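Reader: I've got a model open and I'd like to learn how to read its local features. Could you walk me through a few?

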Amino acid sequence: MTTPLICQNYINGQWLHKPSLESHSLESRNPANKNEVVAIFPRSGIEDINAAVAAACQAYHSWRKVPAPARAEYIFRVGELLLENKEELAQLMSREMGKPLTEARGDVQEGIDCAFYSAGEGRRLFGQTTPSEMSNKFAMTVRMPIGVCALITPWNFPVAIPCWKAMPALVCGNTVILKPAEDTPACATKLIEIFASAGLPPGVINLVHGVGEEAGKALVEHPNIDLVSFTGSSETGAFVGATCGLTHKRVCLEMGGKNAQVVMEDADLELALDGAVWGAFGTTGQRCTATSRLILHRDIKEKFTNMLLERTNNLRLGAGTDSNIDIGPIINEKQLQRVKQYIDIAREQGAKILIGGEIATDGELVNGYFFEPTILDQVTPNMRVAQEEIFGPVVALIEISSFEEAIAILNDTNYGLSSSVYTRDINRAFTAMRDIEAGITYINGPTIGAEVHLPFGGVKQTGNGHREAGTTALDIFTEWKSVYVDFSGSLQRAQIDNRG
Ligand code: UN1
């Protein structure tokens, strides 16, 4: 067992050893072994938040004037440093968050991809030119930064998600304050160490640890925060959105999903099986893009279910740091109990548990928060397990008789993040692309695995209309300014003088 990492806040270019509520230090633990404390971190209070906001406000005045290509060079450097530290970060992530090492490396890789992609934007950040209705007048649009951005991030992608938010925000000329999830303070600390090593000026990036209801809330309510970018639960997102509405802040919300994979009778079943297992049980189902419903055509349902059962039966549970495992632990006790409760609800509402359904306690698993990969059958679309986000290794099987029925059931949820259809019929594939109500649709691929240069986000209650990643991230982190340059030397009156 290694000694715990002592995490500090990073404010104005300094690691601060005395947060205002220092006496109330918090811990993160290895979810595969609850006796192992991975990190100790401060429980920040309002004074820490005020200090971070003041630093970010101060730094903003000069950072916004650093040319975008130069701002981007820092982010490129962060990408290089992430690459150098990839293995160390992945090992730490596996210990602190629990995901298998291969997936943890993927998480860091997503941050690296994002760095190199965002850095390229420093030399684009395109606006538009357009004619003026006047002679000798020039019109254009330019992107302007927003100001100070609070980034509130979850534990399931402890490197990738902060990178998706911070990197485009910084390239666009904003300064940022990261408030990472309580479960993964060590990953956030190491990540910010890397940003700091890239030489970013003091105050441009700041880190405040703490509890959502305290540090997170104080940030969201703070009058000098201009934008909040939040990824997390729909319940917290509702509070964040409402508070930002009342205080006139720009807000980007990325919340839950109830993603479905459809398998039609003409699908390549082996391919669909690989997708279903990865989509439902990858990251222990703890992705907002996870497959939590499998919508199966009745002609292949029995065969596909048997294939899925056999594969699920062979999945090995264990610590993410053990290279021989397939599924890691659930993040914490609260989440473990929540998954268990959903199984009870499923049972009460008439679903049948085909495999799993219990907290796993065999051998060393008893020391962690492990849940058996679970398949629920005879699920009807109105059951709670078919409607609510579970965030665990649980997938519900729903039988359908036609493609139209499949799409209708897929859409019959309040969420709309990711979706997938397995079919060999090109007409169905394009119909799915058109008719599915989701921000992301995969054809013959699982619901997880979004790439950083495409927009990421969802419709309905998944989000509030923004898309992270891709060029659409720039729309979150910039305001448009329309600029008119009159070089006629005389007053020209729009709507009047040009009509004679
Ligand atoms: C999330 O679950 O919050 O598409 C993000 C994916 C990953 C990102 C998931 N690239 O599954």
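Reader: Let's start with E254. Which strand is E254 in?

Author: Keep in mind that this is a predicted model. E254 sits in strand β12, which covers residues 250–254. The UniProt record, an unreviewed entry, places the feature "active site" at E254.

Reader: Is E254 buried or exposed?

Author: The cut-off for buried is under 20% relative accessible area. E254 has 1% relative accessibility, so it counts as buried.

Reader: And which residues does E254 touch?

Author: Leaving out residues up to four places away in sequence, E254 touches F230, T231, G232, L417, F456, G457, G458, T462 and E468.

Reader: What about R428, where is that?

Author: R428 belongs to helix α14, residues 426–435. At 17% relative accessibility, R428 is counted as buried too, because the cut-off is under 20%. Its side chain makes a polar contact with the side chain of E265, at 3.2 Å. Setting aside residues up to four places away in sequence, R428 touches M264, E265, D266, F403 and T423.

Reader: Now rings. How is a pair of aromatic rings described?

Author: By the distance of the centres and the angle of the planes. There are 5 aromatic pairs in the structure. One of them joins Y10 and W15, with 4.6 Å centre to centre and 45° between the planes.

Reader: Why is the Y10 and W15 pair called tilted?

Author: Planes under 30 degrees apart count as stacked and over 60 as edge-to-face, so the 45° of Y10 and W15 makes the pair tilted. As for accessibility, Y10 is buried at 7%, while W15 is partly exposed at 26%.

Reader: Which residue lies over the face of F157?

Author: That's K99, at 3.7 Å from the ring centre of F157.

Terms used. Residues numbered from 1 in each chain as written. Predicted model: local features only at pLDDT ≥ 70, side-chain atom pairs only at ≥ 80, totals over all residues. Heavy atoms only, no water. Phe/Tyr/Trp six-rings, centres within 6.5 Å; stacked < 30°, edge-to-face > 60°. Buried < 20%, exposed > 50% of the residue type's maximum accessible area, 1.4 Å probe, protein only. Lys NZ or Arg CZ within 6 Å of the ring centre and 35° of its normal. Helix = DSSP H or I, 4+ residues; strand = E, 2+ residues; numbered from the N terminus. Polar contact = N/O pair within 3.5 Å; in protein donor to acceptor, adjacent residues only side chain to side chain. Contact = heavy atoms within 4.5 Å. UniProt positions renumbered as here; feature names shortened; annotations may be inferred.
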